Amino acid sequence: MSAIPPDVTGFDPDSPDAQPEGSLEALVARVEAEVRELHFPGFSPDDALNLGLLLVELGKERSLPIAIDITKGEQVLFHVALPGATPDNGHWIRAKQSTAARYEVPSLLVGLRGRLGGGRIEDNAWFDQSRYAAHGGSFPIYVTGVGAVATVTVSGLPQLQDHDLVVEALRDILGSALSD
């Protein structure tokens, strides 16, 4: 996994301020490394339930006002809203999930790559913001040898925190599966 060099402060995708040089590229590299790392040997409804329940546990332990969704194609495998989540989180889940499913990469990565040339992907007329959101929080479920088969999405925190929570849960579930 690529680490952010110690002299580069992290990129904040929610900040309108100037960002430290190299921080965007470092975050893109980190997320691309996560994509290469986080692959399941297979993904069943039981796996979706275990992942969803782990996210609920993390959310409740930390009193996070989040909604959680795991979707495979058109089938919702897991969906819950924890205390403090709002109806708007449902909109964000659908938009981020649609982005991750369409591009088969994390929704955060879609937004970050759109910034690499300056600007944002949302500035392009072809990017339908009523349907898609290039904000962190949705991560494809990759199966080794198959590719993206589902998505796991969290909404309710700043986008980088949504993304990082999903990655934490994926690492935990995959680490548990490998130790069995």
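The model is predicted.

The secondary structure comprises five helices and five strands. Along the sequence, these elements follow the order α-β-α-β-β-α-α-β-β-α. The radius of gyration is 16 Å, close to the 16 Å that the globule rule gives for 180 residues, so the chain is as compact as a globular protein of that length. The C-alpha trace spans about 45 × 35 × 35 Å along its principal axes.

Of the 180 residues in the chain, 45% are buried. The chain exposes about 9000 Å². Carbon and sulfur atoms supply 51% of that area. Charged side chains number 13 positive and 25 negative. The centres of the two sets lie 4 Å apart.

Serine 63 is not a glycine, yet its phi is positive, at about 55 degrees. This serine lies in the loop between helix 2, residues 45-61, and strand 2, residues 67-72. The relative accessibility of serine 63 is 63%, so the residue counts as exposed, the cut-off for that class being over 50%.

Glutamate 104 likewise has a positive phi of about 55 degrees, although it is not a glycine. The loop that holds glutamate 104 runs between helix 3, residues 87-103, and helix 4, residues 107-115. Glutamate 104 has a relative accessible area of 45% and is therefore partly exposed. That class lies between the limits of 20% and 50%.

Serine 107 belongs to helix 4. Its relative accessibility is 0%, so serine 107 counts as buried; the limit for burial is under 20%. A polar atom of the serine 107 side chain lies 3.5 Å from the backbone nitrogen of glycine 137.

In summary, serine 63 is exposed, glutamate 104 is partly exposed and serine 107 is buried.

Notes
Residues are numbered from 1 along each chain as its sequence is written. This is a predicted model: local features need pLDDT of at least 70, side-chain atom pairs count only at pLDDT 80 or more; totals for chains, interfaces and linings use all residues. Side-chain values use heavy atoms; hydrogens and water are left out. Helices (H or I, at least four residues) and strands (E, at least two) are DSSP runs, numbered from the N terminus. Buried means under 20% relative accessible area, exposed over 50%, partly exposed in between (1.4 Å probe, protein chains only). A polar contact is a pair of N or O atoms within 3.5 Å; within protein, one must be able to donate a hydrogen and the other to accept it, and residues adjacent in sequence count only if both atoms are side-chain atoms. The radius of gyration is taken over C-alpha atoms; the globule rule is 2.2 Å times the number of residues to the power 0.38. Accessible areas come from the Shrake-Rupley method with a 1.4 Å probe; for residues, only the protein chains shown count as cover. Lys and Arg count as positive and Asp and Glu as negative; His and the chain ends are not counted. The place of a charge is taken as NZ of Lys, CZ of Arg, CG of Asp or CD of Glu.
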